[in-house]
Amino acid sequence: MSPLVELVDVSRFFRGVAVLQAVSLQTEPGQVVAIYGRSGSGKTTLLNLVGGLDQPDGGTVRVAGTDLATLSPARRCELRRTQMGLIFQSYGLLSHLSARENVELGLRLAACPGREWRPRAEAALAAVGLAERARHRPAELSGGERQRVAIARVLATRPRLILADEPTAALDHNTGLMIIDLLVAHARETGANVWIATHDGGVGIRVDTAYHMTAGRLAPREG
């Protein structure tokens, strides 16, 4: 089975400081990985490189067999819209849209047929426990609810690759575990990859493989 994501000796520098140092990793379809590390350890930079939001200073990043460095910015954007789901710490919701409309916007950008927008958006919001909050705008939602809307927006598009940056940070323990279970279920049911950057120790018991990042270097996590 060919890897869905493959990193070979990937390095990234900012102002002469190594943020990532010779990181190599590959993940198979259906695999869920957690990447632990303190703030500033390089976790977010790693996700940005896999998502084509940034480019490495050395090494190769391949997604579905394609070297991202060979793609134009427009093609990388298209790949993100149609094949990936990105969950940011900032949520990325539009303030003038309701929760359901924010999820529907993700479906529209992913070129999902219009007739499927509403039912898929409503199903995704129900899955994260927000069916009754579908008409509320972000300002009317708590931080944890906004986080769950952002996760629903990704799940609704059924992407091949989910990159989740601290997806449980704004959630209570039980809700956080429920969200991780949803992400794992998505991987199992669709053959997608899920990458989770996290501080949450409870994530590790639910994923296939866990790594620890220290000073830009990646190693298998013990325990």
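Is Y91 buried or exposed? Y91 is buried, because its relative accessible area is 16%, where buried means under 20% relative accessible area, exposed over 50% and partly exposed in between, found with a 1.4 Å probe on protein chains only. The model is a predicted one, in which local features need pLDDT of at least 70 and side-chain atom pairs count only at pLDDT 80 or more, while totals for chains, interfaces and linings use all residues. Residues are numbered from 1 along each chain as its sequence is written, and side-chain values use heavy atoms, with hydrogens and water left out.

Consider the whole protein before returning to single residues. Its secondary structure comes to six helices and ten strands, where helices (H or I, at least four residues) and strands (E, at least two) are DSSP runs numbered from the N terminus. The radius of gyration is 17 Å, close to the 17 Å that the globule rule gives for 223 residues, so the protein is as compact as a globular protein of that length; this radius is taken over C-alpha atoms, and the rule is 2.2 Å times the number of residues to the power 0.38. Along its principal axes, the C-alpha trace spans about 45 × 40 × 35 Å, and buried residues make up 49% of the 223 residues.

Y91 itself sits in the loop between strand 6 (84-87) and helix 3 (99-109). Not counting residues up to four places away in sequence, Y91 touches G143, R146, Q147, A150, R153 and A170, a contact being heavy atoms within 4.5 Å. With G143 there is also an approach by the side chain of Y91, which reaches the backbone oxygen of G143 at 3.4 Å.

Helix 3 is followed by A111, whose phi is positive, near 65 degrees.

N193 counts as buried because its relative accessibility is 0%. Leaving aside neighbours within four places in sequence, N193 is in contact with L4, V5, T27, E28, P29, G30, Q31, R160, L161 and I162. Among these partners is Q31, and the backbone oxygen of Q31 lies 3.4 Å from a polar atom of the side chain of N193.

Note on methods
A polar contact is a pair of N or O atoms within 3.5 Å; within protein, one must be able to donate a hydrogen and the other to accept it, and residues adjacent in sequence count only if both atoms are side-chain atoms.
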